[in-house]
Amino acid sequence: MLAMEITRLIERCRQGDADALGELYKAYAQQMRGVCRRYISDEQTVEDVLHDAFVIIFTSFDRLRDARRAEAWMTSITRNVARKCMEQQTAVTMVPIEEAAMVSQPTEQADVRGVPLSEVVRMIDRLPEGYGQVFRLSVFESMSHKEIADMLGIEPHSSSSQLARAKKMLRKMMQHYWVAMLLLLFIPVTLFLLRKGDNAVTKQEDPMAAKQEKSESEHQPSLKESARKPANEPVMVPLPFRYTTLAADTMQRVVAQTVDTIKLDTILNTMAQEQMIPDSTATDTTKIIRKMELPHYDTAQLLPDQPAKSTDSEKKWSLELAYAGQFDEQNHYNQPYIYKPFIDPAIQHSPSQGGQPGYVVPNSIDNWADYAVYLANRPDAVSEKTRSAIMNIALSNANRPGDDKMLRTSHHRMPVMWSLALRYRLSRSLGLETGLSYSRLASDFEMGAEGYTIREQQTIHYLGIPVKGTYTIYGKKQWNFYGSLGLTTEIPVSPSFNTDYYVNGVLESSDQTAIRVPWQFSTTFGLGLQLHLTPHVGFFVEPSLQYFIPTHSDIETYRTEHPFMFSLPLGIRFTW
């Protein structure tokens, strides 16, 4: 069938013309049947595979970019369906009858890195259209990059590049999945432990209250019994102090012990000396004890149920090491790009701006044709070693059919951050923290198509000085829940911008450009939860929301695309 005829036939098929589908089947059924027979010998299976292949063909015309390659495209689909069928037949394992019961139930599909297969399929569906197509054809259909390129109408190296990026994005999605799962598990476990701690405190207090009531109810009889004891025998007198014991030879000397009693040597003689009762008169002991006044002691020091001086208040300093990694990637595909030529103020009055006479340098360029003209008239705009490669890229993209607008794809990775901070405890709840932080921002850019591309890698290192205040919201022996608010100043260190020029898929030249990056200021608000592993060592997680104040610079980073950014620092804290 002629190329023009098949092109018209494919167009009719795309419009849903049933007659066109029938004509396409009649024209290529025998040829595709021959493809199936290369892999399968059974004629009935051949017909089944042929049927399945044409079903896929009839429902996938939207993926055929070049109708002139329809025959190769249909052949590839049929070949892959036949291969799959052959692999399934080869993989059939003969099982003895006595073991049939053991394999009667279907097994679950294996997970991928612990992520359920159904979730992996949804991740693949969220890939960009081109990446998803290449990934499915390569992984699920076992097609080579050359076959994928023939089917989709792209270059083989483009298929390889898209597959690599698809796998990279899937790995990121799997990381996000596990971070979400850990957070979902972390929150209920934390609430459970906090609630369990409160219940434990309540259960410990109840028996003590009962003990106190019992002691008070038995107080009066014990006093009466003590009055009847001989004067030279120590008398045990219960007091309404919980966990407290006083032992004294006289009323002037009191020492804490562990029983709810006061042991007095010759208490009746003491009371006689104090003229509280006559020596010869048997007075009601209850009235006497009510009149008696104990020396002035600090009750808080005698009652263990009262919180003793906290050892935490003595811990004024803490040192922490934290890390926040890559959990996200900001991508922009095929966005319009505007190139702004550099105009030297010293020669701004000249129409040619230092280039060819009569050529006026435009203020901005948004298409490849104008960019090629600019390079031809301004040979000093780029370095000598890269001018030839850039000119080839510009001319190739300008001559492509369709729009020659300059489009740019950006990949901004979430910053990687390490921090070392020292905190001083101002009071039981308030603290002040400062230290040193390191952040790394990386971005990739790509322009061009069909092997004639410009790829740029941008890396910026920051050293920061954070100043942060903290407030303890909830503190127990095992857990500590707190909030933080602060300001960070970051200074750029050794930024780099590397550019690679590819001509027909081959690296032709590279260049490195110096960039000037401004200081970065940001504010941070976070809520932290710390688990005390020992009295001096704790593990903490501090989900934080940061706002990066705009710098009004032309440099693009993850922060310029995401001025509000969520991060999840994890770390260890040493307290003394």
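Predicted model: local features only at pLDDT ≥ 70, side-chain atom pairs only at ≥ 80, totals over all residues.
Me: How many cavities of 30 Å³ or more turn up in the whole structure?
Reply: A search of the whole structure finds five of them, and the largest cavity has a volume of about 430 Å³.

Me: Which residues lie nearest the centre of the largest one?
Reply: Those are Met417, Ser419, Thr488, Thr524 and Gln546, and they belong to a lining of 29 residues.

Me: And which strand gives the most to that lining?
Reply: That is β11, which supplies five residues and runs through residues 479–503. Other strands that each supply at least two residues include β8 (416–425), β9 (430–449), β10 (452–475) and β13 (520–532).

Me: Why is the pair of Tyr25 and Phe54 edge-to-face?
Reply: The planes of the two rings stand at 65°, and because an angle over 60 degrees counts as edge-to-face, the pair gets that name.

Me: Where do those two residues sit in the chain?
Reply: Tyr25 is in helix α2 (residues 18–37) and Phe54 is in helix α3 (residues 43–58), so their pair ties together parts that are 29 residues apart in sequence.

Me: Is Phe54 buried or exposed?
Reply: Phe54 is buried, with a relative accessible area of 2%, whereas Tyr25, at 32% relative accessibility, counts as partly exposed.

Me: What about Trp368 and Tyr371, how far apart are their ring centres?
Reply: Their ring centres are 6.2 Å apart and their planes are at 70°, so this pair is edge-to-face. Trp368 and Tyr371 are three residues apart in helix α13 (residues 368–377), which means that about one helical turn separates them, and both residues are buried.

Me: Last topic, which ring does the charged end of Arg423 sit over?
Reply: The charged end of Arg423 sits over the ring of Tyr482, at 5.2 Å from the ring's centre. Elsewhere in the list of such contacts, Arg559 lies over the face of Tyr462, 5.2 Å from the ring centre.

Note on methods:
Residues numbered from 1 in each chain as written. Heavy atoms only, no water. 1 Å grid on protein atoms, 1.4 Å probe; cavity = no way out; pocket = protein on both sides within 12 Å on 5 of 7 lines; lining within 4 Å. Points joined across faces, edges and corners; volume = space filled by probe spheres on them. Helix = DSSP H or I, 4+ residues; strand = E, 2+ residues; numbered from the N terminus. Phe/Tyr/Trp six-rings, centres within 6.5 Å; stacked < 30°, edge-to-face > 60°. Buried < 20%, exposed > 50% of the residue type's maximum accessible area, 1.4 Å probe, protein only. Lys NZ or Arg CZ within 6 Å of the ring centre and 35° of its normal.
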